Each structure stands twice: as structure tokens, then as C-alpha cells.
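Visitor: I have a protein model to look through, and I'd like to know what backs up each label. Can you walk me through it?

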Amino acid sequence: MAHSSGGGSHGGGTHSGSHSYSHSSRSSSGSSHGGVSFDHVRISRRRFPGAHEYVYYDRRGDYHYIYAECTPDKPDLAITIILSILILVIGLGLAWFMMDIGLFVPRPISTSSYESGIYLESSLDIGDESAALDAMQDMLETTGVSPAVKVVDDAVWSANYTDLETFAYSEYYRMFDDEYHWLVVISYPDETADDGFVDWQWEGIIGDDCESVISSETEDKFTLIMQKYLLRSEQTSLGDFLASAYDEFDAGVLATQYDVTFLAISAVFALVAFMLVVLVIRKYTREKTCYKATKVPAGAAMQKCSYCDRPYVVGTILVCPGCGAPVSINESGK
Ligand SMILES: [Zn+2]
């Protein structure tokens, strides 16, 4: 069913259309707990209360201290990899989903798929219509949506309809039997008020199948543009102002359709996903290091290898990490 794309009046500003925001479906991402938790074993390169001291020797044989609350289980590389891939798939998937909504790429409707054409009808004198027809033709060619404008006198509808929107809605289906038109109905009062105020009003009705090329944000922009030019116009020069409105819409709005909010959300999802992966990998490497490390016995002393002079912690190794020579295991080293 078609819906209101927005409208306005001379005195009352504009209102948005009645479109439902079908795009903004909420998605909830599950927590990353399960399988591997981040607070199972606290491991740090700095000493902290309750920590045991561990030492490990790197490839060159240099020693490093590491601190942990207890000896961690052997970290599981497979789980780390699966978790990282899962985070990336979900995070980047959500980011892609949000970007897809944020970047609205218009897909023009095929004008041969329905009875397309431009339509401008006025029961009142609105001046030269040719420029408006040209601008509406441009919109039809760009989007495949058929623009229609109907200018009426309040008397045409006020007796049978409660408001202009209801009349415009009914006119849409009286005039068209598809959902590819965008009808604007502009209505002027029968008489001008004593102070010269012309209390016109207008309504836009857009077919639901226009959704693939006209986003709800774009409908709102059209409403603002149309209202701006109607405010400047006199009834007798309406043709020129309609031309300006459609021209501005064609050039300024249809060319760039994107939603900054969704693009920002997309970037946040991607960033969070990468940060989580970094955390998962860092946790794995830390646990692996600590798992391979040896607990430092209470009161252990430093000693130097009697062959290569490399320092080590007494009681943590049997052979020198540098030259591989057996080390003395008693405190004195002699
Ligand atoms: Zn040595």
C-alpha cells in the first residue's frame, strides 16, 4: 500500500510521512563469554598481589619474569582461532549489514514494468508548466519513479474528506493502479483571507514499490525541499517553483543518499570486532608463555653459567639456556 511521504501547510511547517522504519531492525549480539573467558587466570608481566612468580627463557636464552594467580591450563590454539574467526564473521557481518543500510544505493525501477509517465494537472492557474515537466521527466529517468502533481481547490475535497492526506491517498489509487508513483497534491483555499494570507497545504503519497530507489530519509528531504519552494511561491507562479523543487531534488538528493548514523555504527562494529580479536590473541600468547614458564621457588637466587656467563634462576632449569651445559642446582653454584 502507498503511504504518506510527508506534507506541510503554509502556516504549520512540514510533517514526516507515515512510513514505518522497516530498515532499523535491532540486532543483539551475544556476549563473548562461553568456551574461553577473559578472567579465568590473571596473567601479567608486572607483579600483583596474590601472584606467583614464573620465569621463562626466550629463544636467545634470556630470562623473563611473568606473574599469574595460578598455573593456567594449556591454552587451546584451535579455540583461539575459532573464536577469532567467529568474532570477525559476526562483527564484520554486522558492520556490513549496517553499511548496507547506511549506503543507500538507488536501484532505478524499470519504467517498462508499469504504466510510467509524468503527470501534472491543475485546476488553477499555475503559470508556465514546461520547466516543471522537464524536471519531473529527469526524476523519472533517474529513478524510474513516476512523479505526479495535482493542484486543486480546497472545495474539491473538503466536503467529502476529513483532511487532505486522506483525499490524496484516495486520489493515488483512483489515478494509478501500481505502487511506482509519487503523487503530490497541493490544495489552495477558495478565498484569500483578508490579510492576504493564502492558507495552502500539500501532501505527498508515494507507492511502496518506490522503496528500492527512494529511502525514507530521501522522502523527508523531498518534503523539506517542496515546502521550501512552496513557501516562496505564489499560486500563479507555482509552475516555476515546482520546477526548482524537482530540479533541486534531482541534483542534490538523489545523487547522494547515505545515512551517517548507520555508517558510524558500522565502523564501531568493525572496530570492536578487531579489538576483541586482538584481546583473544593476546590472551592466548600470554597464557602460552605462562604455561611454558617455570614457577620460581621461594627465595631462589640468580646464578651465572660457569661456561657462558649467562644468568638464570636457580631451580628453574637443568641445562644452561645459552650453551646447554648442565647447571648446578644448589644455591652456591659451586
Ligand atoms: Zn651456559
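Visitor: What makes you say that S7 is largely enclosed by the rest of the structure?

Guide: Seven of the eight residues of S7 are buried, so the strand is largely enclosed. Buried means 20 or more other C-beta atoms within 10 Å of a residue's own; 12 or fewer is exposed, in between is partly exposed, and the C-beta atoms are placed from the backbone. One caution: this is a predicted model, so local features need pLDDT of at least 70 and side-chain atom pairs count only at pLDDT 80 or more, while totals for chains, interfaces and linings use all residues. Residues are numbered from 1 along each chain as its sequence is written.

Visitor: What counts as a helix or a strand here?

Guide: They are DSSP runs, numbered from the N terminus: helices are H or I with at least four residues, strands are E with at least two. By that rule the protein has seven helices and twelve strands. Buried residues make up 30% of its 334 residues.

Visitor: Which strands does S7 pair with, and how do you know?

Guide: Two strands pair if DSSP finds at least two bridges between them. S7 (146-153) has four bridges to S6 (residues 119-122), in the parallel sense, and eight to S8, also parallel. Serine 122 stands opposite valine 151 in S7, and valine 149 stands opposite valine 184 in S8.

Visitor: What is the handedness of the unit made by S6, H2 and S7?

Guide: That β-α-β unit is left-handed. A crossover is right-handed if, with the strands pointing away from the viewer, the path from the first strand over the helix to the second runs clockwise.

Visitor: How do you know that S4 and S10 pair?

Guide: S4 (residues 52-57) and S10 share two bridges, in the antiparallel sense, and at least two is the requirement. Tyrosine 54 has lysine 295 in S10 as its bridge partner. Both strands belong to an open antiparallel sheet of four, in the order S3-S5-S4-S10. S3 (43-44) and S10 (294-295) are its edge strands, each pairing on one side only.

Visitor: What makes a group of residues a nonpolar core?

Guide: It's a set of buried Ala, Val, Leu, Ile, Met, Phe, Trp, Tyr and Cys residues joined through C-beta atoms within 7 Å. The largest one has 42 residues, with Val145, Ala168, Leu183, Val185, Leu242 and Tyr246 touching the most other members. H6 supplies the largest share, seven residues. Leucine 183 is in contact with residues including Ala148, Ala168 and Ile205, leaving aside neighbours within four places in sequence; contact means C-beta atoms, placed from the backbone, within 7 Å.

Visitor: Why is histidine 10 called partly exposed?

Guide: Histidine 10 has 16 other C-beta atoms within 10 Å, so it is partly exposed. The residue sits in the loop between S1 (3-9) and S2 (13-16). Not counting residues up to four places away in sequence, histidine 10 touches Val198, Asp199, Trp200 and Gln201.

Terms used: Two residues are in contact if their C-beta atoms, placed from the backbone, lie within 7 Å.
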